[in-house]
Amino acid sequence: MNNISIAFSSQATLGESPVWSQSRGRLLWVDTLAASLNAFDPATGQNIVHTMPSPLGFVTEAHEGQLLVGIGCHIERVDETTGKRQRIATAPHAQKGYRLNDAYLDPTGHLWVGLMDEGLSEGSGYLYRLAPNGVWETIDSGFTLINGIARSLDGGTLYVTDSRHGTIYAYEHDELSGEVGHRHRLIDIAPDEGKPDGLLIDQEGYLLSVLFDGAGIARISTDGDIVRRITLPVLRPTSCAFDSSHKYLFVTSARLGLSPTTLANMPASGSVLRIDYERIMRQGSAA
């Protein structure tokens with residue numbers, strides 16, 4: 001694993017939602033259960049921590065550099081300097097025991113976000129789109145553990161993950177009108193391969209699905225074929241994000257629910273990993 005290193009030894013309970021901040025030159029990420037908002041500087045190794053309420057589902061950077069976070073069923077704007085938060089929206093189906101999970105901010109400023117039941121009752125989850133003017137739209141429902149959300153490079157396809165069922169769905173998407181059309185199953189990942197969690201599109205248009213309990217990342221074609229598997233030194237990786245150069249891929253991970261034996265065998269669990277993705281893709285076999 002010469003192409004994979006520990007960027008930050010965080011020992012996160014449930015590290016999640018990495019996103020590269022262009023304006024800060026830092027990796028933003030959260031620990032959902034420890035309720036920490038983090039800003040990691042790869043150049044210095046410094047990780048600035050902001051304490052938030054729990055559960056903290058995601059962080060994303062709005063186009064003007066503002067930070068948006070998902071806290072419970074609410075979306076709030078965070079002022080890093082003062083630590084003050086301003087609630088700007090609440091999910092339409094908000095209720096006790098539910099929370100916002102993964103999110104994706106598209107180039108038009110629309111926030112795509114999932115709502116999940118923490119009890120994981122079957123078919124209880126929702127996919128929303130929040131417009132810049134604060135108007136919610138329910139795009140779909142029936143998910144059990146809605147997770148990674150991403151969009152194809154041309155904007156014509158929206159991808160959404162249901163981790164509980166091991167499925168990544170693909171939707172037709174009109175970038176101009178915003179209309180979301182037909183849904184189909186892109187891929188079902190076998191349980192022994194891990195549970196698809198965070199989702200990202202690389203510069204060649206392949207999907208990168210992070211495999212919780214699978215110690216790896218699956219590189220998936222738009223036809224739904226796994227063409228590459230990157231093996232990681234953590235059993236429960238959760239999500240990933242490129243830096244501004246797209247040379248390096250950062251991966252969050254979790255210690256949640258791991259036995260002392262597993263933690264001893266995989267001491268990097270809970271850390272933020274760095275993958276030399278460009279180098280791995282030049283190699284002829286899986287890392």
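Which strand does D140 lie in? D140 is part of strand 13, residues 136-143. These legends walk through a predicted model, in which local features need pLDDT of at least 70, side-chain atom pairs count only at pLDDT 80 or more, and totals for chains, interfaces and linings use all residues. Residues are numbered from 1 along each chain as its sequence is written, and side-chain values use heavy atoms, with hydrogens and water left out.

**View 1. The whole chain, before zooming in.** The protein chain carries 2 helices and 24 strands (DSSP runs numbered from the N terminus: helices are H or I with at least four residues, strands are E with at least two). Its C-alpha trace spans about 45 × 45 × 35 Å along the principal axes. Buried residues make up 55% of the 287; buried means under 20% relative accessible area, exposed over 50%, and partly exposed in between, with a 1.4 Å probe and protein chains only. Of the contacts with a separation of 6 or more, 43% are between residues 24 or more positions apart (contact means heavy atoms within 4.5 Å).

**View 2. D140 and its neighbours.** The side chain of D140 makes a polar contact with the side chain of Y171, at 2.6 Å. For the record, a polar contact is a pair of N or O atoms within 3.5 Å; within protein, one must be able to donate a hydrogen and the other to accept it, and residues adjacent in sequence count only if both atoms are side-chain atoms. Leaving out residues up to four places away in sequence, D140 touches Y126, L127, Y171 and R183.

View 3. The chain has 7 aromatic pairs, counted when rings of Phe, Tyr and Trp (its six-membered ring) have centres within 6.5 Å; planes under 30 degrees apart are stacked, over 60 edge-to-face, and the rest tilted. One of them is F143 with Y169, edge-to-face at 6.1 Å centre to centre and 75° between the planes. This pair links distant parts of the chain, with F143 in strand 13 and Y169 in strand 16 (residues 167-173), 26 residues apart. Both partners are buried: F143 has a relative accessible area of 0%, and Y169 has 8%.

**View 4. F242 meets Y277.** Here the ring centres of F242 and Y277 are 5.1 Å apart and the planes sit at 75°, so the pair is edge-to-face. F242 is in strand 22 (residues 237-242) and Y277 in helix 2 (residues 277-282), so the pair ties together parts 35 residues apart in sequence. F242 counts as buried at 7% relative accessibility, as does Y277 at 5%.

**View 5. Arginines over rings.** The charged end of R183 sits over the ring of Y169, 4.0 Å from its centre. R219 lies over the face of Y206, 3.9 Å from the ring centre. The rule asks for NZ of Lys or CZ of Arg within 6 Å of the ring centre and within 35 degrees of the ring normal.

**View 6. Into the nonpolar cores.** The largest nonpolar core has 17 residues, of which L208, I217, I230, L232, L249, V251 and I275 touch the most other members. Such a core is a set of buried Ala, Val, Leu, Ile, Met, Phe, Trp, Tyr and Cys residues joined through side-chain atoms within 4.5 Å. Two or more residues each come from strand 19 (207-212), strand 22, strand 23 (248-253), strand 24 (272-276) and helix 2. Another core, of 16 residues, lies apart from it, with I75, A89, Y98 and L105 among them.

View 7. A cis peptide bond joins S54 and P55, with omega about -5°; P55 is in the loop between strand 5 (47-51) and strand 6 (56-61). A35, a residue other than glycine, has a positive phi near 55° and belongs to the loop between strand 3 (26-31) and strand 4 (36-40). H246, in the loop between strand 22 and strand 23, also has a positive phi, near 65°.
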